[in-house]
Amino acid sequence: MIIVTKPEATEEQIQHIVDRIVEWGLKAEVSRGALRTVIGVIGSEDSIREKPLAAIPGVESVTPVLKPYKLVSREFRGGNGSKVKIGNVTIGNGEIVVMSGPCSVETKDQITSIANDIKKAGAKVLRGGAFKPRTSPYAFQGLGVDGLKLLAEAREATGLPVITEIMDTKHLEVMEQYADCLQVGARNMQNFSLLKEVGRSKLPVMLKRGMSATIKDLLMSAEYILSEGNFNVLLCERGIRTFETYTRNTLDLNAVPVLKAETHLPVVVDPTHGVGLRDHVTSMALAAVAAGADAIMVEVHNSPELAKSDGEQALLPNEFEDLVQRVRKVAEAVGRSA
Ligand code: PEP
Ligand code: MN
């Protein structure tokens, strides 16, 4: 149920609405806009369907939400999109943000040199994995906390805010010390205890779509984070598993306009994991921008043949520079900027 208050509703009236909702054993999430306040009623809709919510003073409208997600629904923001900040970079204000960096943080030289290259090319956020979710337990697992420290040093050197993957609830504190945004990876999209934990973090969260997750599954997972109080959430399409074997995954660009219509949360596309082949990353990045993405995330490496993970899909710095130039042209063609 979504309650929208009248523009002239007083603070007392809003509090009264919230008190009634709580009295009925439900939870109220209040979102204050310039003119109206939107109150999301969380709990079983059946139990409040009979209550005369529209009769409470100050209420303008009451809309039942038949969808299982509420806080992430576009209606919750009165049809508007949300803006999410990573450090001093805003995502969701119309300008396309490019995030980039290597798959894994490997050495100080590697991360600092790539950070400088991508910054020069126009990237606004630095990515790099310190804790890596690998299919094989014998593969490189990441540098852990040392990797976080190297990311923070690269931020110091370039001014680029840092996004990195959190794999375990016990790492939240150290992540908050070094990172500017938490990435929840595809493999953890339905790790509900991790989602609840990042939902209590002060950092923004980028939630990647699970490789076998539907769009609705992704939205429900995001709802976990918002329901703990963290509304600074980005959704990331990174490709799903299909019967196709030529590419690593199938980048589901359908998800972009669908998500933009369904939720107020900004949408990021990761064409690198989506296609998994260096030669096709740029085409899919351009397609993502044309489809309406708010940001893209692209892996870059200066010596991909030596990369400890995902070298075959990493762009070289000069290829990344070309990608950013072309992203700007597509952005302009669809009435955006980058
Ligand atoms: C990554 O960003 O390097 C990564 C592991 O992504 P995903 O969770 O989408 O596989
Ligand atoms: Mn990777």
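A cavity, on a 1 Å grid over the protein atoms alone, is a set of points where a 1.4 Å probe fits but cannot get out, while a pocket is an open set with protein on both sides within 12 Å along at least five of seven lines; a residue counts as lining if it has an atom within 4 Å of a point. The model looked at here is predicted, so to speak of local features a pLDDT of at least 70 is needed, side-chain atom pairs count only at pLDDT 80 or more, and totals for chains, interfaces and linings use all residues. Residues are numbered from 1 along each chain as its sequence is written, chains are lettered from A and ligands numbered from 1 in the order in which they are written, and side-chain values use heavy atoms, with hydrogens and water left out.

The structure holds one cavity of 30 Å³ or more, and the largest cavity has a volume of about 30 Å³, where volume is the space filled by probe spheres set on the points, and grid points are joined across faces, edges and corners. Its lining is made up of I96, V97, V98, G122, K124, V324, R328 and A338. At least two of the lining residues come from each of β7 (97-101) and α11 (317-333); helices (H or I, at least four residues) and strands (E, at least two) are DSSP runs, numbered from the N terminus. Sorted by class, this lining has five nonpolar, one polar and two charged residues. Here Ala, Val, Leu, Ile, Met, Phe, Trp, Tyr, Cys and Pro count as nonpolar, Asp, Glu, Lys and Arg as charged, and the others, Gly among them, as polar.

Now for the open spaces. The largest pocket has a volume of about 280 Å³. It is lined by 24 residues, and K132, P133, R187, H273 and D310 are the closest to its centre. Strand β9 (residues 162-165) gives the most to this lining, with three residues. The lining splits into five nonpolar, nine polar and 10 charged residues. D310 sits in the loop between β14 (295-299) and α11, and its phi is near 55 degrees, a positive value in a residue other than glycine. D310 is also buried, with a relative accessible area of 13% (buried means under 20%, exposed over 50%, partly exposed in between, with a 1.4 Å probe and protein chains only).

The second largest pocket holds about 230 Å³ of space. Among the residues that line it are V4, R32, F76 and R77. Its lining has four nonpolar, five polar and three charged residues.

What about the inside of the protein? In soluble globular proteins, nonpolar side chains tend to be buried together. At least three residues come from each of domain 1 (2-64) and domain 2 (84-333), with bounds from an automatic or database domain assignment. Beyond its neighbours within four places in sequence, F320 is in contact (heavy atoms within 4.5 Å) with V98, S100, I118, A121, A123, V298, V300 and L315.

The C-alpha centres of the two domains lie 36 Å apart. I42, in strand β3 (residues 37-42), is partly exposed, with a relative accessible area of 24%.
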